[in-house]
Amino acid sequence: MTDKDGNMNMRNDGLYVSLLPDGTIKKHLITDCEEVPLEDTTIAEELIRLSEQDHIDLYKAIKEMWAIAGMIEEGNYSDSIFTIEMELFLHKLRREHLVRYALLMTQFGEKPNDRPFYIPTAKESALSIVENFSQAMSADVTVGRVLSALSSNQPIDLEGEHFMLRKTKAIAYFTFDGSISTEYQFRTEDHYYIFLLQNFLCSEPRVACCQYCGRYFIPKSRRKTLYCDRVIRDGKTCKQIAPHLNRKERAAADKVVSEFNRVKDMLVHRLERAQYDKKSSPIDLTREEYYRWLDVATAARERYLSGELSEEEAWKIIHVPTIQEQQSGLVTAT
């Protein structure tokens, strides 16, 4: 592979990132012996975008791969069936989540003799994929918690619940043409997003949570801003819609969105406790349970804001019973 000047580029697969002085992030992927430029963003845009992503489809696909790999070990399936399913999954992943695809593939290196990397050790490869995806999807939990803390003016405790922000890993490349520029290589999503969070916090950012749609945004001024500029209904933004609602409508919207955010924060705490606390608890939460709830609850919130669900219908779907009411698993409406 050669770079833009025709020189040999011997860099390994991964995501390459440059942080410009104006806050722009320039990114490109090196994967499958090709270089793929990605759109420029900012650190804030990248973090907020991750906080809004839905992982449930990817999580379901990974579970299916794991189940098929288990059947191979038991002799009920042939390697060829697993190969076909994996090829379909990787094709979908590359088409819809290119960065995630590339960073996942970096974990497996070259394909020996041009054979699929997951044969003949399907079981081991399925386990590796699940582990890598678990790390990748833990990044959105971390980002969500930090944005939530910032929007509530809570301190970022690097010795306590935000300890994961203290360290990350990247390879730095330096270029000199009169001044030194730095480019960072990442091989996993969690390292990339922790790096972004570290740089984001250094800028002492202001983060707000829209009181209508419940999403995070960066206020454009120092003045308190209640609503964001996202288009939410009939081509209008939250900032255009919310101020014109009557008091009852605003109270209903606040109830639904506040319950969504409250339950999400509660479940994230349960998820992290189950991940880091080795003692079992009746309220332990699996990633499958969390993402299943998030998928259903996010859809309910969106349908409520667009006028398709009533306040009562949305609240019942979003709400999770208390510990006393719920002794086994999550309870959500379908």
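**Ground rules.** I number residues from 1 along each chain as its sequence is written, and side-chain values use heavy atoms, with hydrogens and water left out. Because the model is predicted, local features need pLDDT of at least 70 and side-chain atom pairs count only at pLDDT 80 or more, while totals for chains, interfaces and linings use all residues.

**Cores.** I looked up the nonpolar cores, meaning sets of buried Ala, Val, Leu, Ile, Met, Phe, Trp, Tyr and Cys residues joined through side-chain atoms within 4.5 Å. Buried is under 20% relative accessible area, exposed over 50%, and partly exposed in between (1.4 Å probe, protein chains only). The largest core has 36 residues. Cys 210, Tyr 212, Cys 238, Tyr 290, Trp 293 and Tyr 304 touch the most other members. At least two core residues come from each of H7 (238-241), H8 (247-276), H9 (287-305) and H10 (311-318). H8 gives the largest share, 9 residues. Helices (H or I, at least four residues) and strands (E, at least two) are DSSP runs, numbered from the N terminus. A second, separate core holds 30 residues, including Leu 15, Ile 48, Val 143 and Leu 150.

I then checked Tyr 304 for contacts (heavy atoms within 4.5 Å). Beyond its neighbours within four places in sequence, Tyr 304 meets Glu 249, Ala 252, Ala 253, Val 256, Leu 309, Ser 310, Glu 311 and Ala 314.

**Cysteines.** I searched the whole structure for disulfides and found 0. The cut-off is a pair of cysteine sulfur atoms within 2.5 Å. For Cys 210, the nearest cysteine sulfur is that of Cys 213, 3.8 Å away. The sulfur of Cys 228 also has its closest cysteine sulfur in Cys 213, at 3.8 Å, so it is too far for a bond. Cys 210 is buried at 2% relative accessibility. Cys 228 is buried at 2% too.

**Surface patch.** Phe 174, Phe 176 and Ile 180 form a nonpolar surface patch with about 420 Å² of accessible area together. Ile 180 sits in strand S5 (residues 180-186). Its relative accessible area is 63%, so Ile 180 is exposed.

**Positive phi.** Most residues other than glycine have a negative phi. I noted Asn 153, not a glycine, with a positive phi of about 60°. Asn 153 lies in the loop between helix H5 (122-151) and strand S4 (171-176), and is exposed at 72%. Asp 234 is not a glycine either, and has a positive phi of about 55°. Its loop runs between strand S8 (231-233) and strand S9 (236-237). Asp 234 is exposed at 71%.

Technical notes: Patch = residues over 30% accessible without salt bridge, like charges linked within 9 Å, V, L, I, M, F, W, Y side chains within 5 Å. Areas by Shrake-Rupley, 256 points an atom, 1.4 Å probe, with all protein chains shown as cover. Salt bridge = Lys/Arg side-chain N within 4 Å of Asp/Glu carboxyl O.
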